[in-house]
Amino acid sequence: MSTITQQLSTRHLLGIKDLTTEDIRLIFHTATNFKEVINRPIKKVPSLRDVTIANLFFENSTRTRISFELAEKRLSADVVNFSASSSSVKKGETLLDTVNNILSMKVDMVVMRHPAPGACKFLAGHIEANIINAGDGTHEHPTQALLDAYSMEEKLGNLEGKHIAILGDILHSRVALSNIFCLQKLGAKVRVCGPPTLIPKHIEKLGVEVDYDVRKTMAWCDAANILRIQLERQNTRYFPSLREYSQYFGVNRELLDSLDRPILLLHPGPINRGVEITSEVADSENAIILQQVENGVAIRMAVLYLLAAEGRNP
Ligand code: CP
């Protein structure tokens with residue numbers, strides 16, 4: 001059992017790979033305190049008063065963008081939102097020019113989603129503000145993995161030794177990679193499962209098991225994180241049809257009923273209902289999809305609060 005440290009080992013959150021287990025435990029501990037705050041009638045605390053945060057979204061988002069904005073407002077930060085589709089990026093402005101212009105308006109922290117893997121790391125090498133990766137291409141989505149693992153622990157207890165499956169389109173998923181790093185740092189055994197064409201070559205070198213049989217994997221695991229088929233990132237056909245994908249790799253009631261015990265189901269969203277998961281299962285008592293979203297606000301409050309505190313330390 002790791003002890004709770006007082007501060008993070010990093011001034012940016014670029015990926016779970018850079019966090020220590022103590023960092024993750026500190027974020028969870030802080031998130032639990034903030035979860036209590038956001039369930040009060042008055043949901044706001046003054047922790048980040050006088051801190052200005054820019055949310056820079058160069059790619060579409062519903063959950064992550066709203067969750068960060070709510071987290072920032074609950075902490076009393078000043079918030080500016082930027083969406084690439086309605087910005088001067090459309091006129092050819094570079095990422096660095098865009099960000100430097102925003103920072104010259106005295107911004108302290110940047111939350112960024114970008115389609116290019118490594119975009120947040122690139123920025124961290126060029127600017128002073130704390131940076132939080134809200135998803136960089138197919139690389140990492142650290143706050144999603146933190147909220148997933150936190151939600152699993154709420155239901156299953158400590159994840160040490162627990163069997164966690166990640167199902168579906170692993171190849172195009174930043175959630176998969178961040179989940180693998182996070183779950184392993186918490187001591188879980190991780191297995192990825194999906195069609196061979198959607199499992200990256202050599203992924204077992206990360207210390208995960210690989211299986212192509214969903215039924216067998218579901219019988220093995222305590223919890224399954226079911227990933228979306230990312231059609232927008234696929235420039236070739238990885239399986240014959242969505243109907244066949246659903247038939248062989250989709251999670252449905254019949255599959256759950258065939259197991260000898262109930263398992264926990266997660267999905268980071270957005271859901272392709274009827275493809276990787278049926279509507280019946282997504283809305284069932286096994287699934288904690290909306291609890292993940294609720295926990296996302298508390299986790300993001302914790303990350304923002306801890307990184308801002310780090311920035312204020314000498
Ligand atoms: N889970 C997730 O990242 O969802 P959004 O793309 O809607 O932010």
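**Salt bridges and a cavity**

Colleague: How many salt bridges does a search of the whole structure find?
Modeller: This is a predicted model, where local features need pLDDT of at least 70 and side-chain atom pairs count only at pLDDT 80 or more, while totals for chains, interfaces and linings use all residues. Residues are numbered from 1 along each chain as its sequence is written, and side-chain values use heavy atoms, with hydrogens and water left out. A salt bridge here is a side-chain nitrogen of Lys or Arg within 4 Å of a carboxyl oxygen of Asp or Glu. By that rule, the number of salt bridges in the whole structure is 13.

Colleague: How many residues apart in sequence are the parts that Glu59 and Arg174 tie together?
Modeller: Glu59 and Arg174 form a salt bridge, with their closest N and O atoms 2.9 Å apart. Glu59 sits in the loop between β1 (52-57) and α2, while Arg174 belongs to helix α6 (residues 174-185), so the parts tied together are separated in sequence by 115 residues.

Colleague: Is Asp211 buried or exposed?
Modeller: The side chain of Asp211 meets that of Lys216 in a salt bridge (3.1 Å, N to O). Buried means under 20% relative accessible area, exposed over 50%, and partly exposed in between (1.4 Å probe, protein chains only). Lys216, at 49%, is partly exposed. Asp211 has a relative accessible area of 11%, so it is buried.

Colleague: How much space lies in the largest cavity?
Modeller: On a 1 Å grid over the protein atoms alone, a cavity is a set of points where a 1.4 Å probe fits but cannot get out, and its lining residues have an atom within 4 Å of a point. Points are joined across faces, edges and corners, and the volume is the space filled by probe spheres set on them. There is 1 cavity of 30 Å³ or more. The space in the largest cavity is about 60 Å³.

Colleague: Which element gives the largest share of the lining of the largest cavity?
Modeller: Among the lining residues are Arg63, Gln144, His267 and Arg300. Domain 1 (16-141 + 296-308) and domain 2 (142-293), with bounds from an automatic or database domain assignment, both contribute, so the cavity lies between them. Helices are DSSP runs (H or I, at least four residues), as are strands (E, at least two), numbered from the N terminus. The largest share, 3 residues, comes from α11.

Terms used
1 Å grid on protein atoms, 1.4 Å probe; cavity = no way out; pocket = protein on both sides within 12 Å on 5 of 7 lines; lining within 4 Å.
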